[in-house]
Amino acid sequence: MTAMGTWLAVGFAAVAFFSTLAGGFAALRWPGRVQALAALAGGVVLGAAFFDLLPDAIGRAAEINLSAQIPVGASLIGFLGFYTLERFLHHHHEEGEAPDRAGLIGASGFVVHSVFDGLAIGLGFRIDSTLGFLVAAAVIGHDFSDGLNTVSYMVTHRQPAGRSRSLLLADALAPILGALFASLVPVPDTVFPIAIGFFSGLFIYAASSTLLPRARELAPVTGLPLTIGGAAAMFLITRLA
Ligand SMILES: [Zn+2]
């Protein structure tokens, strides 16, 4: 990978850093504003996954004579993998475990997710800068929600504010580490279609499990145009890019 690609990947991951922080602070300051952003981001992230990542993964699989079932299956594995992670990390609360520990374990799940966001950016830029930009847009577009989730999760579990801020910082730094790792570690060609398929599943999961449920708090006439418009905008961008 070129040095330029590494810089772009890490640069965009750094923008994701601020997006995560902004989401965390917004959760504390203006809890009412975030639904509209979530509605828009839900469409953008789904658009990136379905109009760009999945077709790209299938195209790359075909080039090396892999069946389309492999990248599409990897997408489902990504989706179910993050669903499983969330079920395991976030079920403690209901089972009466000490709120303290449940908050920390749950919030660390968001950090794991954010490392994968960074890996996706790094891998995207290894393939080409167009894919890198689109992945970065999908990550930056929803990372405010990652920050927001981390903070609201910590707050609901009655964690001290200082610890919420540390976890938010870890969540914001995670994409940078992921992007650096994916930029610097050698990746064989067969990994790309599988990894891109997997990341599309991660994005579809993030959109359907956190962004769109939050957007449901808006009236349909406000929320739906934002979501559908976000997906349509990603379609146009993939056509023009
Ligand atoms: Zn994320």
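Trainee: In which sense, right-handed or left-handed, does α5 pass α6?

Mentor: This is a predicted model, and in it α5 passes α6 in a right-handed crossing.

Trainee: At what angle do the axes of α5 and α6 cross?

Mentor: The axes of α5, residues 129-156, and α6 cross at roughly 155° and come within 9 Å. The two helices are therefore roughly antiparallel to each other.

Trainee: Which residues of α5 and α6 meet?

Mentor: Start with a general idea. An α-helix has 3.6 residues a turn, so residues three or four places apart point the same way. Now look at the pair here: on the α5 side the contact includes Val139, Asp143, Asp146, Gly147 and Thr150. On the α6 side, Arg163, Leu167, Leu168, Asp171 and Pro175 are among the residues that take part. By class, the contact of α5 with α6 has eight nonpolar, three polar and four charged residues.

Trainee: Where in α6 does a kink lie?

Mentor: Look at Leu173: a kink of about 30° lies there, shortly before the proline Pro175. As for its length, α6 covers residues 161-184, which makes 24 residues. From its first C-alpha to its last, α6 reaches 35 Å, close to the 34 Å expected at 1.5 Å a residue.

Trainee: How does α2 pass α5, in a left-handed or a right-handed crossing?

Mentor: That crossing is left-handed. The axes of α2, residues 34-63, and α5 come within 9 Å and cross at roughly 145°. Among the residues that meet are Leu37, Ala41, Val44 and Ala48 in α2, and Leu134, Ala138, Gly141 and Leu148 in α5. By class, the contact of α2 with α5 has 14 nonpolar, three polar and two charged residues.

Trainee: And at what angle do α2 and α3 pack?

Mentor: The angle is about 140°, and the axes of α2 and α3 (residues 69-89) are 8 Å apart. Here Leu54, Ala57, Ile58 and Ala61 in α2 meet Ile70, Pro71, Val72 and Ser75 in α3. By class, the contact of α2 with α3 has seven nonpolar, one polar and no charged residues.

Technical notes:
Residues are numbered from 1 along each chain as its sequence is written. This is a predicted model: local features need pLDDT of at least 70, side-chain atom pairs count only at pLDDT 80 or more; totals for chains, interfaces and linings use all residues. Helices (H or I, at least four residues) and strands (E, at least two) are DSSP runs, numbered from the N terminus. The expected span of a helix is 1.5 Å times one less than its number of residues. The bend at a residue is the angle between axes fitted to the seven residues ending there and the seven starting there. Axes are lines fitted to C-alpha atoms, for helices over the stretch in contact, and angles run from 0 to 180 degrees between N-to-C directions. Angles under 35 degrees count as roughly parallel, over 145 as roughly antiparallel, 65 to 115 as roughly perpendicular and the rest as oblique. A crossing is left-handed if the near helix is turned anticlockwise from the far one by less than a right angle, and right-handed if clockwise. Two residues are in contact if their C-beta atoms, placed from the backbone, lie within 7 Å. Ala, Val, Leu, Ile, Met, Phe, Trp, Tyr, Cys and Pro count as nonpolar, Asp, Glu, Lys and Arg as charged, and the others, Gly among them, as polar.
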